[in-house]
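Got the viewer open and a selection tool at hand? Here's a walk through the model, one stop at a time.

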Amino acid sequence: MIDFHMAATFVIIAAAVILYVVERIELEITAVCVVVVFLLLFQLYPLTDDAGTRLVTVDMLLAGFANPALVTIMALLVVGQGMYQTGALDGVTRLATSMGDRRPRTTIIVVLLLAASLSAFMNNTPQVVMMLPVLSAIAAKMRMSPSKVMMPLSFITILGGMTTLIGSSTNLLVAGVAHDAGLPAIGFFDFFGIALVLAVVGAVYVIAIMPRLLRSRATMVQEVGGGQGRQFVAEIRVGSGHPLAGARSEVGLFPQLKGMTVLLIQRGSKRLLPPFDEVEITPGDCVIVAATRTVLTNALTSRAGLLTAEGNPPEVTGEQASQPAATRHLHLAEAVVAPGSRMIGRTIEASAIQVTTGSVVLGIQRQSRMLRTAMRDIRLESGDVLLVAGTEEQIEGLRADKDVILMEWSTAPVPATDRATPALVIFAGMVGAAALGIVPIVVAALTGGLLMLLAGCLNVRQAARAFDRRVYLLIGSSLAMAVPLQATGGAAFLAHGVIDAVGHLGPAVVLSSVFLLIAILTNFLSNNATAVLITPIAITAAAELGIDPMIMVFTVILAANCSFATPIGYQTNLLVMGPGHYRFIDYAIAGTPLVILLWLTYSVVAPFWYGL
């Protein structure tokens with residue numbers, strides 16, 4: 001029987017669902033509104049038992065914001081950010097790019113399978129960020145539209161993430177809600193077997209069939225990060241300890257300068273121009289090269305230190321020089337010389353950009369032609385693009401400089417590659433400790449996040465940016481919605497509705513129906529919100545059917561990960577939307593068959609797997 005509190009709970013949840021879908025109001029505001037409305041409802045109209053004890057309290061409604069699963073998710077985001085900031089997986093991506101020169105199609109498959117495997121153990125958002133430039137470069141070499149590979153990358157990381165407890169934030173949340181409901185704690189690999197079956201079936205579709213359904217969109221002119229496909233003129237000053245000292249050209253090229261085109265070598269007053277035949281670079285030479293931003297970034301972060309005279313990174317000046325290494329991480333950005341700028345007609349040194357902002361100009365790009373002169377001799381023109389390096393504060397200083405226009409999308413941190421090994425050790429230790437059951441996953445994740453900070457893999461500001469307030473508020477409010485849904489009997493009411501509709505057809509049909517319902521909802525709501533709301537309903541339904549409630553919990557986990565049919569279904573879908581030039585309909589065309597395929601696979605496999 002529906003009473004006032006149950007009806008009010010249903011109305012509030014339905015309103016929240018509608019607001020989340022239409023997004024007329026920011027998600028954060030909607031999330032806070034939901035919590036506040038529930039707080040007011042149960043304070044003004046308390047729900048009590050026969051003894052007068054409140055069944056829904058303020059502490060219960062706000063407990064979701066301190067839920068161990070939510071804390072774990074936030075900590076894992078920090079750990080993933082540490083992996084990204086240090087470029088801990090750059091070696092793998094560079095290897096994949098070099099393989100792409102020989103076997104591009106095979107390399108694309110390898111990269112996708114690698115991304116799926118890694119997603120089982122780390123957050124997939126930084127993975128997609130790291131893999132995007134690799135797949136973009138390979139697609140360009142194959143003259144393939146990026147739309148053929150970007151969406152598959154997002155989908156296959158979601159598939160990989162459904163296989164382990166920490167592979168997806170959704171998995172952790174469902175496990176937390178189930179544990180709060182009195183069920184045993186879910187182990188790291190408890191649902192790995194059946195999840196792997198779904199992941200393999202989905203991966204075959206993503207790799208073999210999905211690219212045929214995706215339309216070719218306009219080719220990306222620039223790689224992810226903005227402007228990385230354009231050539232900048234940069235200079236390398238060769239000192240006595242420089243790794244290029246003594247380098248000799250081979251067939252007109254210098255093997256040490258992979259990805260760079262040597263435009264000239266300035267040796268005192270003498271200019272050596274290509275072709276370079278048996279030319280040896282000597283200390284004191286100034287090597288002028290043309291290279292993309294990606295190549296220059298790699299040279300900047302390499303242990304060889306190619307971009308400076310003595311193999312050290314650009315010198316940090318000002319107050320930053322006295323701060324700990326962890327707060328001195330370099331950032332790269334692109335700035336355009338503004339019309340009417342006082343820098344026009346001046347050289348880099350005469351413009352005093354390093355003196356006024358502390359940032360260092362690494363390269364210059366001129367739209368009209370390729371420059372073939374030493375950077376110190378180039379006189380700037382309006383529209384020239386400067387590739388600058390500096391601390392976050394120094395780059396911010398360029399925003400107030402009226403002589404240049406900072407291109408907002410171009411600002412990105414330079415990976416602190418000297419911290420890559422500690423980051424990998426911390427990550428491996430965290431995963432190992434959680435997988436072996438040495439400590440609970442929340443303890444392992446929090447410890448991993450703290451060690452990332454202490455080891456200098458990222459600074460406090462970078463960790464704060466990894467802490468996604470939208471995710472935090474959305475999950476916290478979803479957990480708040482689950483409290484009255486359970487306390488008012490709403491979950492039991494809905495469970496009875498499901499059982500009354502299909503229960504007479506047996507547990508296998510109920511499992512299939514619940515899976516399909518969740519798979520539909522997760523594409524229009526947050527998958528985390530869907531999972532949290534449905535989990536208590538599914539547990540109640542299992543009790544009504546007399547089957548192991550863990551089977552229903554695993555069904556919720558797997559179905560909530562089927563967020564393929566819309567770009568709003570999961571954050572990585574939104575992440576690849578721009579680089580792939582996708583439209584909303586593209587996700588429906590390529591993702592809906594995958595949702596149906598996984599539903600049918602689960603409907604067939606689950607009854608045999610669980611002996612129903």
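## Stop one: the aromatic pairs

A search of the whole structure turns up nine aromatic pairs. Begin with Phe4 and Tyr45: their ring centres sit 5.6 Å apart and their planes are at 70°, so this pair is edge-to-face. Keep in mind as you click around that this is a predicted model.

Phe4 belongs to helix H1 (residues 4-22), while Tyr45 lies in the loop between helix H2 (27-44) and helix H3 (58-62), so the pair links distant parts of the chain, 41 residues apart. Buried or exposed, or in between: which is Phe4? Phe4 is partly exposed, at a relative accessible area of 46%, and Tyr45 is partly exposed too, at 48%.

Next, select Phe191 and Phe554. Here the ring centres are 5.7 Å apart with the planes at 45°, so the pair counts as tilted. This one also links distant parts of the chain: Phe191 is in the loop between helix H9 (169-180) and helix H10 (192-213), and Phe554 is in helix H22 (residues 549-560), 363 residues apart. Phe191 is buried, at 1% relative accessibility, and Phe554 is buried as well, at 9%.

## Stop two: strand S7

Now jump to residues 385-390, strand S7. How many of the six residues of S7 are buried? Six of the six are, so the strand is largely enclosed by the rest of the structure. Show the side chains and look at each face in turn. On one side you'll find Val385, Leu387 and Ala389, on the other Leu386, Val388 and Gly390, and all of them are buried.

Bring in the neighbouring strands. Strand S5 (residues 331-337) pairs with S7 in the antiparallel sense over six bridges, and strand S6 (residues 360-365) runs antiparallel to S7 with five bridges joining them. Centre the view on Val388: it is the bridge partner of Ala333 and also of Val361.

As background, nonpolar side chains in soluble globular proteins tend to be buried together.

Pick Tyr602 and show what surrounds it. Setting aside neighbours within four places in sequence, Tyr602 is in contact with Ile194, Leu198, Leu511, Phe515, Ile551, Thr555, Leu558, Pro607 and Tyr610.

## Stop four: two single residues

Select Ser154, in helix H8 (residues 150-161). Ser154 is buried, with a relative accessible area of 0%. Not counting residues up to four places away in sequence, Ser154 touches Thr572, Asn573 and Val576.

Finish at Val509, in helix H20 (residues 507-521). Val509 is partly exposed, at 29% relative accessibility.

Definitions and conventions. Residues are numbered from 1 along each chain as its sequence is written. This is a predicted model: local features need pLDDT of at least 70, side-chain atom pairs count only at pLDDT 80 or more; totals for chains, interfaces and linings use all residues. Side-chain values use heavy atoms; hydrogens and water are left out. Rings of Phe, Tyr and Trp (its six-membered ring) pair if their centres lie within 6.5 Å; planes under 30 degrees apart count as stacked, over 60 as edge-to-face and the rest as tilted. Helices (H or I, at least four residues) and strands (E, at least two) are DSSP runs, numbered from the N terminus. Buried means under 20% relative accessible area, exposed over 50%, partly exposed in between (1.4 Å probe, protein chains only). Two strands pair if DSSP finds at least two bridges between them. Contact means heavy atoms within 4.5 Å.
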